[in-house]
Structures are given as C-alpha cells and as structure tokens.
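Biologist: I'd like to learn how to read a ligand site in a model. Could you walk me through one?

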Amino acid sequence: MEDVQSNPPLMATYKHLFVDGRRLDDGAVDCNECLHLPVIDLNSAAAEVDMVRAASEWGFFQVTNHGVPQALLRELHEEQVAVFRRPFEQKVNERLLDFSPESYRWGTPTANCLEQLSWSEAYHIPMTTGSGSSRCRAVIEEVSKAMYELAQKLAAILMRGITGGGETMMTSTTREETCFLRLNRYPPCAISSAFGLCPHTDSDLLTILHQQDTIGGLQLLKGGRWVAVKPDPAALIVNVGDLLQAWSNDLYRSVEHRVMANATAERFSMAFFLCPSYDTIIQSSHANASYRSFTFGEYRKQIMEDVRSTGRKLGLQRFRRST
Ligand SMILES: C=C1C[C@]23C[C@@]1(O)CC[C@H]2[C@@]12CC[C@H](O)[C@@](C)(C(=O)O1)[C@H]2[C@@H]3C(=O)O
Ligand SMILES: O=C(O)CCC(=O)C(=O)O
Ligand SMILES: [Fe+2]
C-alpha cells in the first residue's frame, strides 16, 4: 500500500500552473494506436544492418537476446519501489547510498508553464559513486555494469554503420564517470492532465530504457504525430541520443519523446544513459557537417544554462551550422 507521505508535494508546489482547469493539448495523440517498435534480435545475422536502419528511420527500437537477465531487472524494480516508498523528507534530506544530494529530484524547479512540468520523481545514479554493502547498492551496480556493456556494444555497431567512415568509437570514448542510471517514478495525477516527463530528446550517445510495468505513457514523435509505445516489461528499448545524431550528421535520429502521467496508476521505469568523457569532441567527418564540433562538456553546460534561463532545453539546434 502506498504511503502518501512518500509522495513529493507536486500539486502544492505547481498548482499555479494548472490555471483555469487548463489541460495539455494532446489532441494529436491517437490513443487507440500503440506503436510496435522494430525488434532487433542481437543474435541474428542481420542485427547490425537492422539496427542501423531502425536508428535512422525510427531513432527508437527494441532489443532481444541482449544478455541482461530478466531476474536482475525484476530485482532492481523491487529495490527501486522500496527506495521511492521512503518518506519524502528522507528522500530529500538523506543521501541514498552516499550519492550526492542532487541525485534525488522531483517536479521541474525551472518550469514556467504546464508544458515544462514533469510530474515525476527520479534518482540520477552515476556509475562510479556510492558506497555501502546493501543489496540495493549491489543490484544497482550489477544493472549499471550490464547496461554499460550492452550500450557500448550497441554504440560500436551504430558507429560502424555511419556511412563515409572515419568515425570510430573506442571503448575509451565512453566513460563510466559520466554514464548514469535514472530511476523514474511517475505518481498518478488525478486532477488534470500533465506530463510525467515533458517532451525532450536525450543528451547522450544512446539510452537503454526498461519500462517496468504495463501502465504505459511513453510516447514518441513520429511523422509529426505523438504515438504511444506499447509497454512491455520483458523488452529493453534503445533510443538514439543527441550526440549520436550529431556524430552521424543526422543519419541517426534523436527523437523527441515524453511520458503522460496516468490519472490513477503510478508507473516506474529505469533508463541507462551512455555518455562519453566531458572532453570528447563530437564531430562528424562528413564534408558538409551540419553541426560545428563541440565537446560533451560544452553541450551539457549549454543545456543546463538554457534550462535555467528559458525553462527548456534547446539542444542540438544551438550547434547547427547556418546554411
Ligand atoms: C528540463 C529538462 C531537464 C532535461 C531536459 C529538459 O528540458 C526535459 C527533460 C530532462 C531530461 C530527462 C532525461 C535526462 O535525465 C536528461 C539529462 C535529458 O536529456 O532530458 C534530462 C535533462 C536535464 O536534466 O538536463
Ligand atoms: O519513463 C519512460 O518511459 C521514459 C523515460 C525517459 O525518457 C528518460 O528518463 O529520459
Ligand atoms: Fe528520455
């Protein structure tokens, strides 16, 4: 049974954004249509070709035979539920497993309007920090390692698929220090429609996402329309991040996605973000590269500045060369 005291005070903090019973305009969503993402069997002979096609046509796909044990994912889910069930005060004031105080976040402190609000709470867990000998710590570490290994394998395939060649991604390009797990919890939002996570692209190389239940709510922008992704706790979803889009000179697509809050049910998910070291230069070898070269550190800094000053992420458009 859910302890109400564990919920962050989302309504009390953000009620001013729900003015005049305003609702988000989600008229573009076809609720009856659930998107079946392309499925890539990593053991199949065609895996590499299929993945390159899916990353350029969809930006999102599912992987099977990925090597991450279902039992481990279930165990993480149990630990995650317990972590979020703790009283709100504890989540804010006590460091979880020695992670930095900023590892716990809720709502959107910079939101100026309903469209910028994320009705959720999350833990950002960097791969290389934290301490202790609890089961929770051990499970987080094991999941991070398995996700890191899988993500590196997928990124290497996608880098090889960039036509024109020249691009290489050594395993040394990615850094355990910058990769992180994001544990998401989306509380129900009974009063009005809200985003569980507002529309965004991921600011990494690629993301591996596990939707832990069948509640649903993830939507992605396809052909100018928001479409719902079929929830499947047995699947791992992979999506291209901004850095791979730039590195591939727009061959691969970092697709905008969002989560709709559910009126009655809470939802959990976990995402692993594969990132390079901050000094990695992101640069396409294409003769007419669409983006100027930039470091990952520069990119992160720009995003944080934009979110702070405008309430939203401007992302890759900041780095696009004028034509
Ligand atoms: C306010 C924002 C923070 C965020 C970018 C955004 O505009 C909307 C989503 C946020 C998110 C969610 C997933 C990742 O944790 C993240 C790093 C990302 O790429 O999009 C964050 C962004 C952030 O914290 O900077
Ligand atoms: O919860 C989900 O399904 C999506 C989460 C997500 O997009 C993210 O954490 O970046
Ligand atoms: Fe995301």
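Biologist: Which polar side-chain atom lies 3.2 Å from an oxygen atom of ligand 2?

Modeller: A polar contact is a pair of N or O atoms within 3.5 Å; within protein, one must be able to donate a hydrogen and the other to accept it, and residues adjacent in sequence count only if both atoms are side-chain atoms. Here, the atom belongs to H200. Oxygen atoms of ligand 2 also lie 3.3 Å from an N or O side-chain atom of R182 and 3.3 Å from one of N184.

This is a predicted model, where local features need pLDDT of at least 70 and side-chain atom pairs pLDDT 80 or more, while totals for chains, interfaces and linings use all residues. Side-chain values use heavy atoms, without hydrogens and water, residues count from 1 along each chain as written, and chains are lettered from A and ligands numbered from 1 in written order.

Biologist: How many residues surround ligand 2?

Modeller: A residue counts as near if one of its heavy atoms lies within 4 Å. There are 14, and the closest are Y186, H200, H257, R267 and S269. Strand β13 gives the largest share, four residues.

Biologist: Which residues coordinate the iron ion (ligand 3)?

Modeller: Donors are N, O and S atoms within 2.8 Å of the metal (3.2 Å for Na, K and Ca); water is not among the atoms, so sites may look incomplete. Here they are H200 (NE2), D202 (OD) and H257 (NE2), at 2.1 to 2.3 Å. Their sequence spacing is H-x1-D-x54-H.

Biologist: Are H200 and H257 buried or exposed?

Modeller: Buried means under 20% relative accessible area, exposed over 50%, partly exposed in between (1.4 Å probe, protein chains only). Both H200 and H257 are buried.

Technical notes: Helix = DSSP H or I, 4+ residues; strand = E, 2+ residues; numbered from the N terminus.
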